[in-house]
Amino acid sequence: MHFSSKSIMWETPQDFFDALNTKYHFNTDVCAVKENAKCRQYYSPEINGLKQQWKGTCWMNPPYGRGL
């Protein structure tokens, strides 16, 4: 999935994630939306992952860009 450079939403390339997931076995994507979540369990902006208790091995690719 490609996100516009006008957005702060960037997706980790699946092959990169898969390689790391093979080693670390991630349980939760703590900074995602439905369209780019890498794990079955994920925290969206509405859930606010910063206010959740993180358990297991967590994955995060936070939003970033010039506007942040």
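Author: A search of the whole structure, which is a predicted model, finds four aromatic pairs. One of them joins Phe17 and Trp59. Their ring centres lie 5.1 Å apart, and the planes stand at 80° to each other. That makes the pair edge-to-face, because an angle over 60 degrees counts as such. The pair links distant parts of the chain. Phe17 sits in helix α1, while Trp59 belongs to strand β3. The two residues are 42 residues apart.

Are these two side chains buried or exposed? Phe17 has 2% relative accessibility, so it counts as buried. Trp59 has 10%, so Trp59 counts as buried as well. The cut-off for buried is under 20%.

Next come Tyr24 and Phe26. Their ring centres are 6.1 Å apart. Their planes meet at 40°, so this pair is tilted. Tyr24 is partly exposed, because its relative accessibility is 41%. Phe26, at 15%, counts as buried. Ring pairs join Phe17, Tyr24, Phe26 and Trp59 into a cluster.

Trp59 lies in β3, and β3 is one of three strands that form an open sheet. The order is β2-β1-β3, with parallel pairing. Which strands stand at the edges? They are β2 and β3. Each has a single partner strand, so one side of each lacks a neighbour in the sheet. In general, strands of a sheet pair through backbone hydrogen bonds, either parallel or antiparallel. Between β1 and β2, the parallel pairing runs over two bridges. Take Asp29 as an example: its bridge partner in β2 is Tyr42.

The loops deserve a look too. Asn36 is placed in the loop between β1 and β2. Asn36 is buried, because its relative accessible area is 7%. What does the side chain of Asn36 approach? One of its polar atoms lies 2.9 Å from the backbone nitrogen of Val33.

Most residues other than glycine have a negative phi. His25 has a positive phi of about 55°, although it is not a glycine. His25 lies in the loop between α1 (14-24) and β1 (28-29). With 55% relative accessibility, His25 counts as exposed. Asn48 also has a positive phi, about 60°, and is not a glycine either. Asn48 is found in the loop between β2 (41-42) and β3 (58-59). Its relative accessibility is 28%, so Asn48 counts as partly exposed.

The loop between β2 and β3 also holds Trp54. At 38% relative accessibility, Trp54 counts as partly exposed.

To return to the aromatic rings: Phe17 and Trp59 make the edge-to-face pair, whereas Tyr24 and Phe26 make a tilted one. Phe17, Tyr24, Phe26 and Trp59 are linked into a cluster by ring pairs.

Definitions and conventions:
Residues numbered from 1 in each chain as written. Predicted model: local features only at pLDDT ≥ 70, side-chain atom pairs only at ≥ 80, totals over all residues. Heavy atoms only, no water. Helix = DSSP H or I, 4+ residues; strand = E, 2+ residues; numbered from the N terminus. Buried < 20%, exposed > 50% of the residue type's maximum accessible area, 1.4 Å probe, protein only. Pairing = 2+ DSSP bridges. Phe/Tyr/Trp six-rings, centres within 6.5 Å; stacked < 30°, edge-to-face > 60°. Polar contact = N/O pair within 3.5 Å; in protein donor to acceptor, adjacent residues only side chain to side chain.
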